[in-house]
Amino acid sequence: MKFFIDTANLAEIREANELGILDGVTTNPSLMAKEGITGANNILKHYVDICNIVDGPVSAEVIATDLEGMIREGEELAELHKNIVVKIPMIPEGIKAIKYFDKKGIKTNCTLIFSAGQALLAAKAGATYISPFLGRLDDVSTDGLALIEQIRLIYDNYAFDTQILAASVRHPMHIIHCAEIGSDVMTGPLSAIKALAKHPLTDLGLQQFLADHAKGNK
Ligand code: E4P
């Protein structure tokens with residue numbers, strides 16, 4: 001399973017990249033705003049800065065919701081760097097935009113996926129990735145992981161190339177369950193990625209090994 005980090009924070013992206021396990025980055029307009037990145041030029045520059053840190057797909061989201069606007073913005077984003085993936089919302093105009101970009105060989109990530117029907121449409125349009133928001137489904141008492149399982153079954157039934165990018169991941173158990181289900185990618189916060197490495201028995205064991213080594217080498 002590929003690991004993407006879901007942030008626009010350059011320090012966090014660098015830290016995750018230095019772990020050596022990072023495959024890509026996803027951003028969204030809220031994450032950009034959280035970092036104080038505003039204005040078209042600053043936003044475009046920020047995407048380039050991210051691409052210069054991580055050698056892998058970087059999702060950059062369009063703001064327009066009409067087809068022409070999405071195409072204009074998506075083409076501008078795709079020209080920034082070879083690793084840019086144009087993030088398109090799951091709306092009817094978005095489906096048309098995904099089809100357009102697929103024909104042009106521009107990679108897309110269909111975002112805000114909350115149902116299997118939406119995932120099926122996006123795959124038929126030729127999306128490179130689809131982003132089911134599992135945490136946000138869990139937040140409204142709906143099983144986000146069950147949706148990913150359902151999409152996995154549908155995509156496997158028809159050998160769709162579209163990759164399932166589990167998004168809105170909140171904690172390490174989400175990551176582990178996504179891996180069990182066979183999600184192609186997960187995108188989550190640095191805290192969830194780092195939490196995978198933690199175990200109290202590892203810490204205790206290491207403490208003991210170091211203490212025993214120190215005793216024997218006095
Ligand atoms: C997906 O690409 C989104 O950026 C993201 O995962 C949304 O997550 P959230 O529900 O934590 O905002």
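Visitor: Which residue in β8 is the bridge partner of K2?

Guide: This is a predicted model, in which local features need pLDDT of at least 70 and side-chain atom pairs count only at pLDDT 80 or more, while totals for chains, interfaces and linings use all residues. Residues are numbered from 1 along each chain as its sequence is written, and side-chain values use heavy atoms, with hydrogens and water left out. Strand β1 and strand β8 (residues 185-188) run parallel and are joined by four bridges, where pairing requires that DSSP finds at least two bridges between two strands. In β8, the bridge partner of K2 is V185.

Visitor: And in β2, what is the bridge partner of F4?

Guide: Strand β1 (residues 2-6) also pairs with strand β2 (residues 24-26), in the parallel sense and over three bridges. Within β2, F4 has as its bridge partner G24.

Visitor: In what order do the eight strands close into a barrel?

Guide: The protein chain has 11 helices and eight strands, which are DSSP runs numbered from the N terminus, of H or I over at least four residues for helices and of E over at least two for strands. The pairing is parallel, and the closing order is β1-β2-β3-β4-β5-β6-β7-β8.

Visitor: What angle does the direction of helix α6 make with that of β5?

Guide: Helix α6 (residues 116-125) packs on the sheet and touches both β5 (108-113) and β6 (129-132), a contact being heavy atoms within 4.5 Å. Axes are lines fitted to C-alpha atoms, for helices over the stretch in contact, and angles run from 0 to 180 degrees between N-to-C directions. On that basis, the angle between α6 and β5 is about 165°.

Visitor: How many residues of strand β4 are buried?

Guide: Buried stands for under 20% relative accessible area, exposed for over 50%, and partly exposed for values in between, with a 1.4 Å probe and protein chains only. In β4, I84, V86 and I88 point one way, whereas V85, K87 and P89 point the other way, and all are buried. For the strand (residues 84-89), the buried count is therefore six of six.

Visitor: Which residue in β4 stands opposite V58?

Guide: Strand β3 (residues 58-61) and β4 run parallel, joined by four bridges. Opposite V58 stands I84.

Visitor: How many residues does the largest nonpolar core have?

Guide: A nonpolar core is a set of buried Ala, Val, Leu, Ile, Met, Phe, Trp, Tyr and Cys residues joined through side-chain atoms within 4.5 Å. In the largest core, the residues with the most contacts inside it include I5, I88, C110 and Y155, and helix α8 (residues 144-158) gives the largest share, six residues. A second, separate core of five residues includes F4, V85, Y129 and L165. The residue count of the largest core is 58.

Visitor: Is R152 buried or exposed?

Guide: R152 is found in helix α8. Leaving aside neighbours within four places in sequence, R152 is in contact with I164, I181, G182, S183 and D184. Because its relative accessible area is 13%, R152 counts as buried.

Visitor: How far from an oxygen atom of the ligand is an N or O atom in the side chain of S168?

Guide: S168, in the loop between β7 (163-166) and α9 (172-181), is one of the residues that surround the ligand, as are D6, K87 and R136 among others, each with a heavy atom within 4 Å of it. A polar side-chain atom of R136 lies 2.7 Å from a ligand oxygen, and for the side chain of K87 the corresponding distance is 2.6 Å. For S168, the distance is 2.7 Å.

Visitor: What distance separates the backbone nitrogen of R136 from a polar atom of the S168 side chain?

Guide: S168 counts as buried because its relative accessibility is 9%. Beyond residues up to four places away in sequence, S168 touches F133, L134, G135, R136, H174 and T187. The backbone nitrogen of R136 lies from the polar side-chain atom of S168 at 3.1 Å.

Visitor: What separation do the C-alpha atoms of E68 and E93 have?

Guide: E68 lies in helix α4 (residues 67-80) and counts as exposed because its relative accessibility is 63%. E68 and E93 are 25 residues apart along the chain, and their C-alpha atoms are separated by 9.1 Å.

How values were computed: Polar contact = N/O pair within 3.5 Å; in protein donor to acceptor, adjacent residues only side chain to side chain.
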